[in-house]
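I opened this notebook to keep track of what I look up in a structure that is new to me. The entries go from the whole chain to single residues.

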Amino acid sequence: MQMVTLIAASLPGFAALAALLFTWMQVGQTGKELRIAERGQITSRFNAAINNLGSQSLDRRLGGIYALERIMQDSVRDHFTIVSVLAAYVQQHAESSTKSLKKPLAPSGDTYKPPADVQAAVATLTRRRPERDHGTIIDLSYTDLRGLRFTGKASVNLPEVNLSHADLRWATLRRADLRKASLDYASLEFAELGGANFRTASLVAAKLHGANLIRANLRGAAMTCGQDAELKAGQVAKVEWRCVDLQLASLTSADLRNVTMDHADLREAVLAGADLRNADLSHADLRKADLTGADFRGATLIGVKLQGAERSGARGLPKEKPPPPIPMPPVQLPANVGR
């Protein structure tokens with residue numbers, strides 16, 4: 001009798017537990033169905049965006065790019081795919097740098113402007129969250145990105161990007177994050193790179209003639225000579241050596257510690273206040289450069305050319321050799337002297 005009473009008393013509890021378990025299962029099933037529906041919606045949005053990228057209409061292509069950016073923000077799972085798609089889009093729709101570099105450098109950057117969809121795709125890549133890349137390398141090599149512009153305070157996140165052999169003449173990349181980026185053989189003449197972070201980037205044989213690198217961080221960057229091998233029919237491989245061109249570049253207060261710039265062309269460059277401690281400047285050409293207040297302590301300066309350089313307040317430079325004495329013409333004595 002007591003057992004029956006105990007069971008009867010426990011029935012409401014079992015019923016409540018069963019109802020709770022049933023509710024939990026329903027909630028789990030509903031959540032699963034919602035996730036499936038959400039994935040389906042994202043897939044539909046992704047397919048629609050991809051279709052727009054192939055449109056002949058510029059407006060539809062731009063809509064597709066911005067739709068992919070929204071999906072990239074909403075879905076961590078699709079981040080890698082969208083980054084790869086946008087990078088491929090830029091390479092397909094931008095002109096090849098092998099063609100653009102054959103064109104002469106115009107005297108003003110106003111001449112250059114990337115197509116609107118190419119600019120939008122690159123801008124979307126710069127606004128992504130790099131921590132979601134998980135090793136994804138954005139490949140923009142061999143692309144014509146002349147006049148690419150990012151102004152204001154917008155973030156330009158391109159760490160580890162591959163811009164080797166890219167044409168970036170007159171580009172504006174102020175305060176850009178280009179850590180560990182590959183800019184080998186890139187053309188950056190007259191580019192605005194003030195405050196950009198090139199730490200441990202590779203700029204082998206890059207062309208930075210007239211570039212603005214004021215307060216840029218190039219600590220540990222490789223800016224050495226490069227080797228470009230070209231095979232021609234019936235000939236042995238021809239090896240051509242080219243060196244980084246920083247002629248007329250502005251590097252005021254730049255962080256160039258541990259940078260490798262052997263054989264670099266720095267003629268008439270402005271390096272006032274730059275930190276070049278422990279840098280490798282072997283055989284670099286610094287003739288007529290402004291080295292006011294620059295710090296060269298610990299730098300390798302074998303064969304460096306410093307003729308005509310402004311050295312006021314610079315530390316760590318070899319002592320300036322005094323000019324050779326002006327030879328005095330022999331004194332001609334009168335013919336009758338000593339007779």
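**Entry 1: the chain.** I noted before anything else that this is a predicted model. I then looked up the elements, and I found five helices and four strands in the chain, which run α-α-α-α-α-β-β-β-β from the N terminus on. I also looked up how much of the chain is covered, and buried residues make up 43% of its 339 residues. Of the contacts between residues at least 6 apart in sequence, I found that 37% join residues at least 24 apart.

**Entry 2: α2 and α3.** How do the axes of α2 and α3 cross? I found that they come within 9 Å and cross at roughly 155°. Angles over 145 degrees count as roughly antiparallel, and α2 and α3 are therefore roughly antiparallel to each other. I noted as well that α2 passes α3 in a left-handed crossing. On the side of α2 the contact is made by R61, I65, L68, I71 and M72, and on the side of α3 by H79, I82, V83, V85, L86 and Y89. Sorted by class, the residues of this contact of α2 with α3 are nine nonpolar, one polar and one charged.

**Entry 3: α3 and α5.** I next followed α3 (residues 79-93) to α5 (residues 116-126), and the axes of these two helices come within 9 Å and cross at roughly 150°. That angle makes α3 roughly antiparallel to α5. The crossing in which α3 passes α5 is left-handed. I listed the residues that make the contact, which are V83, L86, A87, Y89, V90 and H93 of α3, together with D117, V118, A121, V122, T124 and L125 of α5. The residues of this contact of α3 with α5 divide into nine nonpolar, two polar and one charged.

**Entry 4: the covering of α5.** How many of the residues of α5 are buried? I found that α5 is mostly covered, since ten of its eleven residues are buried. The buried residues of α5 are D117, V118, Q119, A120, A121, V122, A123, T124, L125 and T126. I looked up what they pack against, and I wrote down α2, α3 and β1 (149-150).

**Entry 5: M72.** I went back to one residue of the α2 side, M72, which is found in helix α2 (residues 58-74). Is M72 buried or exposed? Buried means under 20% relative accessible area, so M72, at 4% relative accessibility, counts as buried. Leaving aside neighbours within four places in sequence, M72 is in contact with H79, I82, V83, T124, R128 and R132.

**Entry 6: the largest nonpolar core.** In soluble globular proteins, nonpolar side chains tend to be buried together. With that in mind I looked up the largest nonpolar core here, which has 83 residues, and those with the most contacts inside it are L203 and L208. The elements that give two or more residues to this core are α1 (2-53), α2, α3 and α5. I then took L203 by itself, and, not counting residues up to four places away in sequence, L203 touches L183, D184, L188, F198, L208, L218, A221, A222, M223 and V244.

**Entry 7: S100.** Where is S100 placed? I found S100 in helix α4 (residues 97-100). With a relative accessible area of 0%, S100 is buried. Apart from neighbours within four places in sequence, S100 is in contact with E95, D144, R146, D167 and R169.

**Entry 8: two residues with positive phi.** I ended with the loop between β2 (172-173) and β3 (226-230), where R175 is found. R175 has a positive phi of about 60° although it is not a glycine. K180 lies in the loop between β2 and β3 as well, and K180, also not a glycine, has a positive phi of about 60°. For K180 I looked up the accessibility too, and at 56% relative accessibility K180 counts as exposed, because exposed means over 50%.

Technical notes. Residues are numbered from 1 along each chain as its sequence is written. This is a predicted model: local features need pLDDT of at least 70, side-chain atom pairs count only at pLDDT 80 or more; totals for chains, interfaces and linings use all residues. Side-chain values use heavy atoms; hydrogens and water are left out. Buried means under 20% relative accessible area, exposed over 50%, partly exposed in between (1.4 Å probe, protein chains only). Contact means heavy atoms within 4.5 Å. Axes are lines fitted to C-alpha atoms, for helices over the stretch in contact, and angles run from 0 to 180 degrees between N-to-C directions. Angles under 35 degrees count as roughly parallel, over 145 as roughly antiparallel, 65 to 115 as roughly perpendicular and the rest as oblique. A crossing is left-handed if the near helix is turned anticlockwise from the far one by less than a right angle, and right-handed if clockwise. Ala, Val, Leu, Ile, Met, Phe, Trp, Tyr, Cys and Pro count as nonpolar, Asp, Glu, Lys and Arg as charged, and the others, Gly among them, as polar. A nonpolar core is a set of buried Ala, Val, Leu, Ile, Met, Phe, Trp, Tyr and Cys residues joined through side-chain atoms within 4.5 Å.
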